[in-house]
Amino acid sequence: MFVTFEGIEGTGKSTQIGLLDAWLREQGRATEITREPGGSRLGRELRRILLSMESSDLTGQAELFLYLADRAQHVATVIRPALLAGHDVLSDRFADSTVVYQGYGRGLDPKTLHGLNEVAVDGLWPDLTILLDIEPEEGLRRALARNIAEGTHASEGRFEAEHMEFHARVREGYLTWAALHPERFRVVDASASPEVVHARVRELVAAALDEKEQPGLRM
Ligand code: TYD
């Protein structure tokens, strides 16, 4: 099963992925955690470029194609092989991040971006996409607190430094895009405690697993 997590900064994606991973393993499942950008060997190089301050003269189009290159390589060398080996794959961001950040956020056409994603993912779409939804003010507050706590280098903070208006557009974009793909997206209120959010995530994943593994039994 392929599950992706989406949301603005500070929604707790990596915390939730860690909790879900532990739960799936308790159920005796083999799992693999990955992320975009940076899930593959090439991707780690691309991530460095994409998130560094020095690359702030990247054009929007060049940035887009780096995200797509990262994704194509990620699918081919990490995600598809893991799924074929029977593992569950949990990815921190995937194709929807491009539609939402480069599309709703930066003004490129979401439909065109979806078409480019079709090329990059080569038919491999998530079984379930969990959108962790939070007010941008709260998300940014959490992201900044995390950066300070971790002493994260400033170059990793390029996105967090951008203004609130952008994050508000991204948040709305996610909700719009999720509503257009109800078969795959589930929206979870991420303002609650990690335990409460995890309980909800677990329910959604359990339901998706039932549906995937016993489709005939579905009411
Ligand atoms: P990351 O450090 O992974 O942040 P987060 O903790 O929010 O996941 O940074 C990834 C950044 O890259 C994030 O701001 C979103 C952005 N991004 C895009 O703009 N387009 C994409 O296709 C992807 C995968 C990420």
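1. Helices and strands are named here as DSSP runs, a helix having at least four residues and a strand at least two, and they are numbered from the N terminus. Under that naming, Phe166 belongs to helix H8, which covers residues 164-180. The model discussed in this note is a predicted one.

2. Is Phe166 buried or exposed? Its relative accessible area is 2%. Buried means under 20%, so Phe166 is buried. Setting aside neighbours within four places in sequence, Phe166 is in contact with Tyr101, Gly105 and Arg106.

3. Next, the ligand. The space that the ligand takes up is the largest pocket. The ligand is surrounded by 16 residues, and the closest of these are Glu9, Arg47, Arg93, Thr98 and Gln102.

4. Which helices each supply at least two residues of the shell around the ligand? They are helix H2 (41-51), helix H3 (60-84) and helix H4 (95-105). H4 gives the largest share of the shell, with four residues.

5. For Arg71, a polar side-chain atom is 3.1 Å from a ligand oxygen. For Tyr67, the corresponding distance to a ligand oxygen is 3.2 Å, and for Lys13 it is 3.5 Å. The ligand taken alone exposes 540 Å², and the protein buries 93% of that area.

6. Arg93 lies in the loop between strand E3 (88-92) and H4. Most residues other than glycine have a negative phi. Arg93 is not a glycine, yet its phi is positive, at about 80°. Its relative accessibility is 14%, so Arg93 counts as buried.

7. Asp122 is another residue to check for phi. Asp122 is not a glycine either, and its phi is positive, near 55°. The residue is found in the loop between helix H5 (110-121) and strand E4 (128-133). Is Asp122 buried or exposed? With a relative accessible area of 56%, Asp122 is exposed, because exposed means over 50%.

8. The loop between E2 and H2 contains Pro37. Where is the cis peptide bond? It joins Glu36 and Pro37, with omega at about -10°. As background, most peptide bonds are trans.

9. Gly38 is also found in the loop that runs between strand E2 (31-35) and H2. Its relative accessible area is 8%, so Gly38 is buried. Not counting residues up to four places away in sequence, Gly38 touches Gly43, Arg44, Arg47 and Asp70. Gly38 and Gly28 are 10 residues apart in sequence, and 27 Å separates their C-alpha atoms.

10. The last point concerns Ser52, in the loop between H2 and H3. At 12% relative accessibility, Ser52 counts as buried, because the cut-off for buried is under 20%. What does the side chain of Ser52 reach? It reaches the backbone oxygen of Ile49, at 3.2 Å.

Key. Residues are numbered from 1 along each chain as its sequence is written. This is a predicted model: local features need pLDDT of at least 70, side-chain atom pairs count only at pLDDT 80 or more; totals for chains, interfaces and linings use all residues. Side-chain values use heavy atoms; hydrogens and water are left out. Buried means under 20% relative accessible area, exposed over 50%, partly exposed in between (1.4 Å probe, protein chains only). Contact means heavy atoms within 4.5 Å. A residue is near a molecule or strand if one of its heavy atoms lies within 4 Å of it. A polar contact is a pair of N or O atoms within 3.5 Å; within protein, one must be able to donate a hydrogen and the other to accept it, and residues adjacent in sequence count only if both atoms are side-chain atoms. Accessible areas come from the Shrake-Rupley method with a 1.4 Å probe; for residues, only the protein chains shown count as cover. On a 1 Å grid over the protein atoms alone, a cavity is a set of points where a 1.4 Å probe fits but cannot get out, and a pocket is an open set with protein on both sides within 12 Å along at least five of seven lines; lining residues have an atom within 4 Å of a point. A molecule sits in a cavity or pocket if more than half of its atoms lie within 2 Å of its grid points.
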